[in-house]
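I am opening a notebook on a structure that is new to me.

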Amino acid sequence: MFVTPLAAHSSDRSTPAFRGRIGSDARSGHYAVPGRYRLHLSTACPDGLRIAVTHGLLGLDTVCPATFLAAVPDTPEGSHCALRPLYEASAHRYTGPAVAPVLSDDWSGRIVSTHAPDIMRDLARRFGSDHPSPYPCGAESEIEAVERMCRQGIEGAAQRAGSAGGEQAEREAALEELLEALGALERWLVGRTYMIRDDITAADVELWVALVQLDTVHRNHLDASAVQRIADHPVLWAYARRLTAHPAFGAHLDLDGIERRHHARCQGLEAAGAAVQILDWAAHAAH
């Protein structure tokens with residue numbers, strides 16, 4: 001898929017505190033051993049949901065176990081208490097928030113990475129040989145293009161369209177940018193089951209999570225007419241329904257947790273779009 005680069009903007013994806021990698025041999029330090037690593041995830045968080053879906057697609061429950069955390073951090077500064085020992089063991093006098101997602105090394109009791117894209121790729125490349133890879137050979141540039149479109153054209157544009165701090169003209173321009181991205185995806189998906197291949201890839205994981213966030217979070221800050229325009233992409237939302245019915249996707253969809261996380265950190269406009277749900281996600285989710 002060809003995606004025209006979009007203008008840069010701020011993202012709610014914070015800079016990762018740790019960015020180690022799992023290598024292919026002992027020289028890397030963190031080499032692939034079944035049972036050595038553990039995920040710590042909140043599926044109410046978009047990055048946590050992306051990793052959980054990837055983990056499910058790869059069937060890694062025993063190879064790399066996952067510990068699931070509450071939707072809302074349990075300290076005033078936004079930390080998960082359960083993660084604080086890992087952060088303090090991994091960085092001397094660490095004072096930042098202890099947040100998910102985390103990939104930890106049970107051998108050392110330290111953090112390998114908090115960077116979701118690296119974690120997803122390492123899970124697929126180092127442990128996923130028994131299942132179809134979400135990162136098939138030759139697809140990396142296409143996957144990265146979809147990641148950019150989701151991050152900028154959907155998540156970033158929707159966030160700016162519902163921002164309480166922006167001017168009306170800026171919000172309207174952001175809405176048009178969002179609709180342009182959705183229109184391009186709608187046209188691309190005509191006659192296709194998945195985004196870039198004949199099977200599920202990381203591009204589908206990225207787009208599905210972006211659509212979940214659009215309907216469960218961002219629409220709360222848009223007016224009803226804007227949400228109706230967003231909903232007017234039947235091919236795209238039918239695609240979202242199909243993926244939700246897949247166990248690796250729908251089984252990790254914590255709608256109540258997403259709502260609680262959103263209300264705990266919400267800074268957007270109050271708008272009528274909150275009442276206009278696009279998909280009945282719970283009805284389609286596989287359990």
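**Entry 1: helix 1 and helix 3**

I started with helix 1 (residues 46-58) and helix 3 (residues 116-127), which pack with their axes 10 Å apart at an angle of about 5°. Angles under 35 degrees count as roughly parallel, so helix 1 is roughly parallel to helix 3. I note here that the model is a predicted one.

Next I looked up which residues make this contact. Helix 1 supplies Asp 47, Arg 50, Ile 51, Thr 54 and Leu 58. From helix 3 come Ala 116, Ile 119, Met 120, Leu 123 and Ala 124. I sorted the residues of this contact by class and found 7 nonpolar, 1 polar and 2 charged.

**Entry 2: the nonpolar cores**

Which residues have the most contacts inside the largest nonpolar core? I found Leu 207, Trp 208 and Leu 211, in a core of 72 residues. Helix 6 (residues 202-216) gives the most to this core, with 10 residues.

In soluble globular proteins, nonpolar side chains tend to be buried together.

**Entry 3: helix 6 and helix 8**

I went back to helix 6 and looked up its packing with helix 8 (residues 234-244). Their axes are 10 Å apart, and the angle is about 105°. Angles of 65 to 115 degrees count as roughly perpendicular, so helix 6 is roughly perpendicular to helix 8.

On the helix 6 side I listed Asp 204, Leu 207, Trp 208, Leu 211, Leu 214 and Asp 215. They meet Leu 236, Trp 237, Tyr 239, Ala 240, Leu 243 and Thr 244 in helix 8. By class, I have 9 nonpolar, 1 polar and 2 charged residues in this contact.

**Entry 4: the cysteines**

How many disulfides does the structure hold? I found 0. Cys 45 is in no disulfide, and the nearest cysteine sulfur, that of Cys 150, is 15 Å away. A disulfide needs two cysteine sulfur atoms within 2.5 Å.

Is Cys 45 buried or exposed? Its relative accessible area is 13%, and buried means under 20%, so Cys 45 is buried. For Cys 137 I read a relative accessible area of 80%. Exposed means over 50%, so Cys 137 is exposed.

Technical notes: Residues are numbered from 1 along each chain as its sequence is written. This is a predicted model: local features need pLDDT of at least 70, side-chain atom pairs count only at pLDDT 80 or more; totals for chains, interfaces and linings use all residues. Side-chain values use heavy atoms; hydrogens and water are left out. Buried means under 20% relative accessible area, exposed over 50%, partly exposed in between (1.4 Å probe, protein chains only). Axes are lines fitted to C-alpha atoms, for helices over the stretch in contact, and angles run from 0 to 180 degrees between N-to-C directions. Helices (H or I, at least four residues) and strands (E, at least two) are DSSP runs, numbered from the N terminus. Angles under 35 degrees count as roughly parallel, over 145 as roughly antiparallel, 65 to 115 as roughly perpendicular and the rest as oblique. Contact means heavy atoms within 4.5 Å. Ala, Val, Leu, Ile, Met, Phe, Trp, Tyr, Cys and Pro count as nonpolar, Asp, Glu, Lys and Arg as charged, and the others, Gly among them, as polar. A nonpolar core is a set of buried Ala, Val, Leu, Ile, Met, Phe, Trp, Tyr and Cys residues joined through side-chain atoms within 4.5 Å.
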